Amino acid sequence: MAQKRDMFDDIIDITKGLSGITEPFSDLTNAFLGNPEPEEREWNPADYKEKPRANALSCLACRSTKSSCRACVKICPVNAIEIEDGGIDVLDSCRKCGLCAPVCPTESIHGMKHRPKKFYDSVAAAAAAYETAYVTCTRALKRIPRENEVVLGCVGEVTAETWFSILMDFPNVSVYLPLDICENCRNAQGEELLGDAIATAEEWSGRPMGLEVDARELSCTKRREFERKEYMDKIMKTTGLAVSKLNPATAAVTTVSQRIKDHTKKLSALERTLATATGTTSQRRRRVLTQGRQLLLSTLQAHPELAPNVQVSTPVCDFEKCTLCGDCIEACPLHACDITDSGRFAVESTYCVGCGLCAEVCETHALAMVEHDAAELVLPDPEAEKKAAEAAKAHEEAEKMKAEAKKKLSAALDRVEKLAD
C-alpha cells in the first residue's frame, strides 16, 4: 500500500526545486571570489579492477600434489596464474577480471575490493537508499557510476552464495548488461559464471534476479523513506530539533550505515557462536570460516525454510576402510575435518565447503563426497527458541482467558434470558 504524502514530502520537493535556483548564484559567487571549481572525476576502468591476491595456505593444489584443483588456472583468460612448488603466483600479465576468485572453493585467491562481504556491503548501501540498485561491469557502463551503481571488473566474479544473500535481503537489485556486451569480451567465461551463479541463487531463494539491458532505463531515484530520513537528519543537525519524534514514520527508518552495521554484527555473532560450539578440532586447530559460507549461513539462519533448496557437498566416511591415518585432517585447508576422541572421522558441515581434497588424499578411498540439502547448516538459536516458547505460552494464556471470558459472557446472557422470561 502506497504511503500517503504529508507536509514533509512537500517541503522536500520544494527544497529540490530551490536547489536549481540557488546553485547558479553559488557558481557566480565562486567565480568572483576565485574559488576553484571542484575537480570532475574522469572515467577510468582501472579504478574498478584489482590484481587478486593469493594465499598458498588455503590453496588446495598448494597443500597437496594429489589435488586435481586448477580452477583458477583454467578460468584465467590470459594464463596469468601459476601453481608451482607449493606456491601460487599471479603474474603481471593479469588483466584483473577477478574470475579466479569465485571458482576457488576456499577463497585462497581473491581481491580486497570485491570480497563477498565487501561486495555485499556495497550493494546494501545502494539498495537501501535507492529504489533500484544496479550491479554492472566497466565494459557495460563506460562512465562514472552513480551512487546506486556497483561496478566490477566482470560481473562473473560474484559467487552464488553472495547473490543468494543479496536476493533475500534486497529484492530491488538488478544486473545491468546490454545485449551482446559479453560476446567480444576477453573475459570469455564471465557470462557463463554469472549465469550459473545467478541461476543457483534463484533456485535457492525462489526469487528472480532483475536484469536491465537498456541504458535509458537505468534510474537513480532515492527511496522515499530514505529521502525523508536524510532530510530529518539535516534538520536535526542544523537546529537540534529531533523531528523524528514528531513523525513516527521516520523514526522507524534506519540509516544505510546502521543497516550495514547490523548485518556485520549479525555475521560476527554467528561466527562467535560457531567458534564457541565447534570452532576448534580435537587437535586444537582453529577452523576457518570463509566469507561466502558466512553469508550463506547468515541467510539460512534468517530463512531456515530455504535449507531444502540449498545443495551442499560434504565427505562421508566408510569406517571399514578408514585407517585413521590422519591424511585428510592434515590436508583440509579449513580444518573442517577431524578425528574425534573416540577414534572416528567427523566433519563440521558448517565449515566444510565441499572442496573434496580430503577424499582425494585418502589412500584407502574411505571418503566420498555426497551431495545433500543444507538442513545441517541451520544452527539452533537458543534466544530465538526461548522467544518462540514465550510467545507460544503467552498465546496459550490469551486463548484460555478468551475462553473463560466467553464462558462468563454466555452464563451472563443465560441469566438475562431467564430474568426476561
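Tutor: Start with Leu267. Leaving aside residues up to four places away in sequence, Leu267 touches Lys117, Gln294, Leu295 and Ser298. Contact here means heavy atoms within 4.5 Å.

A word on the source. The model is predicted, so local features need pLDDT of at least 70 and side-chain atom pairs count only at pLDDT 80 or more, while totals for chains, interfaces and linings use all residues. Residues are numbered from 1 along each chain as its sequence is written, and side-chain values use heavy atoms, with hydrogens and water left out.

Back to Leu267. This residue sits in helix 11, residues 256-278. Helices are DSSP runs of H or I with at least four residues, strands are runs of E with at least two, and both are numbered from the N terminus. Leu267 is buried, with a relative accessible area of 3%. Buried means under 20% relative accessible area, exposed means over 50%, and partly exposed lies in between (1.4 Å probe, protein chains only). Gln291 is 24 residues from Leu267 in sequence, and their C-alpha atoms are 9.5 Å apart.

Two packed helices are described by the angle between their axes and the distance between the axes. The axes of helix 7 (residues 160-169) and helix 12 (residues 291-302) come within 8 Å and cross at roughly 35 degrees. Each axis is a line fitted to C-alpha atoms, for helices over the stretch in contact, and angles run from 0 to 180 degrees between N-to-C directions. The crossing is left-handed: the near helix is turned anticlockwise from the far one by less than a right angle, whereas clockwise would be right-handed.

Four strands form an open sheet in the order 6-5-7-8, with parallel pairing. Two strands pair if DSSP finds at least two bridges between them. Strand 6 (149-152) and strand 8 (210-212) are the edges, each pairing on one side only. Neighbouring strands of this sheet are turned by 30 degrees against each other on average, direction ignored.

Look at strand 5, residues 133-137. Strand 5 runs parallel to strand 7 (residues 173-176), with three bridges. Four bridges join strand 5 to strand 6, again in parallel. Val135 stands opposite Val175 in strand 7. In strand 6, the bridge partner of Val135 is Val150. Val150 and Leu152 point one way from strand 6, Glu149 and Val151 point the other way, and all are buried.

Last, the whole chain. The protein chain has 15 helices and 12 strands. Of its 421 residues, 40% count as buried. Among contacts with a separation of 6 or more, residues 24 or more positions apart account for 75%.
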